[in-house]
Amino acid sequence: EAESAYKEVVARDRICLHDGDIKADSVYEGHYYLSASNKAKPRVVDLAGKDVVEDTGLIYGGCYVRAVLNLWAMDEKKFGGKRICASLIGVQFVKDGDAFGGSRATDDDFENLSVDDASDTDVSDLL
């Protein structure tokens, strides 16, 4: 029973692990990729294991990470029947990689737009 259920979810692409060779974007070729989500914000830590509290751009599509996942199977008609799902619980940055879809902005791409007294500054002056 379990083997036939597994074959069914794979055949219907109702599994969180996907073959990158069948994805339209060539960056996935020769690789597998995993779809995972979570309504709660996952824990994000740097290489030293310290929490990254604000979005610093440390984690991006294409970087190397260690991920903590919660995998589960379900059979709910309202969600498309049988499937194997994943929730992303946490991510640890390991090293930089080639960003998917191009490059990432660097500090050199932005100038400092902060002002000493924001009440005297018209936002249109900053654009």
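Predicted model: local features only at pLDDT ≥ 70, side-chain atom pairs only at ≥ 80, totals over all residues.
## Notebook: salt bridges, cysteines and a nonpolar patch

I began with the pair Asp51 and Arg43, whose side chains form a salt bridge with 2.6 Å from N to O. I then looked up how open the two partners are. Asp51 counts as partly exposed because its relative accessibility is 48%. Arg43 has a relative accessible area of 51%, so Arg43 counts as exposed. The cut-off for exposed is over 50%.

**Other salt bridges.** How many salt bridges does a search of the whole structure find? I got 4. Side chains of opposite charge can pair when their charged atoms come close.

Next I went to the helix. Glu3 and Lys7 form a salt bridge, and their closest N and O atoms are 3.3 Å apart. Why are Glu3 and Lys7 separated by about one helical turn? Both sit in helix α1 (residues 2-11), and they are 4 residues apart, so about one turn of helix separates them. Glu3 is exposed, at 57% relative accessibility. Lys7 is also exposed, with a relative accessible area of 52%.

I moved on to Arg12 and Glu8. Their side chains meet in a salt bridge at 3.6 Å, N to O. Arg12 is partly exposed, with 39% relative accessible area. Glu8 is partly exposed as well, at 30%. I followed the links from this pair and reached Lys82. Glu8, Arg12 and Lys82 are joined in a network of salt bridges.

**Cysteines.** I searched the whole structure for disulfides and found 0. Which cysteine sulfur is closest to that of Cys85? The one in Cys16, at 7.0 Å, and that is too far for a bond. A disulfide would need the two sulfur atoms within 2.5 Å. Is Cys85 buried or exposed? Cys85 is buried, because its relative accessible area is 12%. I looked up Cys63 as well. Cys63 has 12% relative accessibility, so Cys63 counts as buried. The cut-off for buried is under 20%.

**Nonpolar patch.** Which residues make the nonpolar surface patch of about 500 Å²? I listed Leu17, Tyr32, Leu34, Leu69 and Leu71. Two elements give two or more residues to this patch: β2 (32-34) and β4 (64-76). Leu17 belongs to strand β1 (residues 17-19). I looked up the exposure of Leu17 and found it partly exposed, at 44% relative accessibility.

**Whole chain.** Last, I stepped back to the overall layout. I counted 1 helix and 5 strands in the chain. Read from the N terminus, the elements run α-β-β-β-β-β. What share of the 127 residues of the chain counts as buried? I noted 16%. The accessible surface of the chain is about 10100 Å². Carbon and sulfur atoms hold 51% of that surface. I also looked at contacts between residues at least 6 apart in sequence. Of these contacts, 54% join residues at least 24 apart.

Methods. Residues numbered from 1 in each chain as written. Heavy atoms only, no water. Patch = residues over 30% accessible without salt bridge, like charges linked within 9 Å, V, L, I, M, F, W, Y side chains within 5 Å. Areas by Shrake-Rupley, 256 points an atom, 1.4 Å probe, with all protein chains shown as cover. Buried < 20%, exposed > 50% of the residue type's maximum accessible area, 1.4 Å probe, protein only. Contact = heavy atoms within 4.5 Å.
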